[in-house]
Amino acid sequence: EYDYDFCILELQDLIQYDNTRRPIQLPKAGEDIENETILLTSGWGATQNVAESNDHLRAVEVPKMDQFECTLKYLFQNIITDRMFCAGVRGGGKDACQGDSGGPIVKTGTDGPRLVGVVSWGVGCALPQYPGVYGRLSRVRDWITQITDL
């Protein structure tokens, strides 16, 4: 069971923001992501291409999948809850992978980037029948505000 796959960390030192480090917007409580919206996920996890190194941050764009389609894809694997969503290319080939868990999935827009989820789980990596599953931040936004005042 991967429901409520979130954590909040408190850093000992403040982050010094500059042109390489900036805060990111969070979604509003209950905010939804339109199907087929292109999202950006990134991490240092495993790669399926042996010619690629995971010593460097990798990023990939994946479309948000319809919730019902997501539920059907994982019908015999696990339960997809309202605190999860799927994103991935239907033909496979693009995905987060082992070692990317907890990393970001971001929606870009005219009002700047917004952190909409975190890498949670999936079956394999970049398989056509199994998109990546992400924790949906908008469904735990009130909890985030309660803990952080953000």
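Mentor: Start with the term. A salt bridge is a side-chain nitrogen of Lys or Arg within 4 Å of a carboxyl oxygen of Asp or Glu. Now the ground rules. The model is predicted, so local features need pLDDT of at least 70 and side-chain atom pairs count only at pLDDT 80 or more, while totals for chains, interfaces and linings use all residues. Residues are numbered from 1 along each chain as its sequence is written, and side-chain values use heavy atoms, with hydrogens and water left out.

The count of salt bridges is seven. Take Asp3 and Arg83. Their side chains form a salt bridge at 2.8 Å, N to O. Where do Asp3 and Arg83 lie? Asp3 is in the segment before strand S1 (38-43), and Arg83 is in the loop between helix H1 (67-73) and strand S3 (84-87), so the pair ties together parts 80 residues apart in sequence. Helices (H or I, at least four residues) and strands (E, at least two) are DSSP runs, numbered from the N terminus.

Is Arg83 buried or exposed? Its relative accessibility is 17%, so Arg83 counts as buried. The cut-offs are these: buried is under 20% relative accessible area, exposed is over 50%, and partly exposed is in between (1.4 Å probe, protein chains only).

Asp18 and Arg21 make another salt bridge, with their closest N and O atoms 2.8 Å apart. Both ends are partly exposed: Arg21 is at 42%, and Asp18 is at 33%.

Next comes Asp111 with Arg114, where the closest N and O atoms are 2.7 Å apart. Asp111 is partly exposed at 45%, whereas Arg114 is buried at 9%. Salt bridges with shared partners join Glu31, Asp111 and Arg114 into one network.

Go back to the loop that holds Arg83. Phe76 is in that loop between H1 and S3 too. Phe76 is exposed, at 78% relative accessible area.

Then look at S3. Met84 and Cys86 point one way from S3, Phe85 and Ala87 point the other way, and all are buried. In a regular strand the side chains alternate between the two faces of the sheet. S3 runs antiparallel to strand S6 (residues 132-136), and four bridges join the two. Two strands pair if DSSP finds at least two bridges between them. Cys86 stands opposite Val133 in S6.

On a 1 Å grid over the protein atoms alone, a pocket is an open set of points where a 1.4 Å probe fits, with protein on both sides within 12 Å along at least five of seven lines; lining residues have an atom within 4 Å of a point. The largest pocket holds about 1,300 Å³. Volume means the space filled by probe spheres set on the points, which are joined across faces, edges and corners. It has 31 lining residues, and the closest to its centre are Leu9, Ile24, Leu26, Leu115 and Leu150. Strand S5 (114-121) and helix H2 (141-148) each give two or more residues to that lining. S5 has the largest share, with four residues. By type, the lining of the largest pocket divides into 21 nonpolar, five polar and five charged residues. Here Ala, Val, Leu, Ile, Met, Phe, Trp, Tyr, Cys and Pro count as nonpolar, Asp, Glu, Lys and Arg as charged, and the others, Gly among them, as polar.
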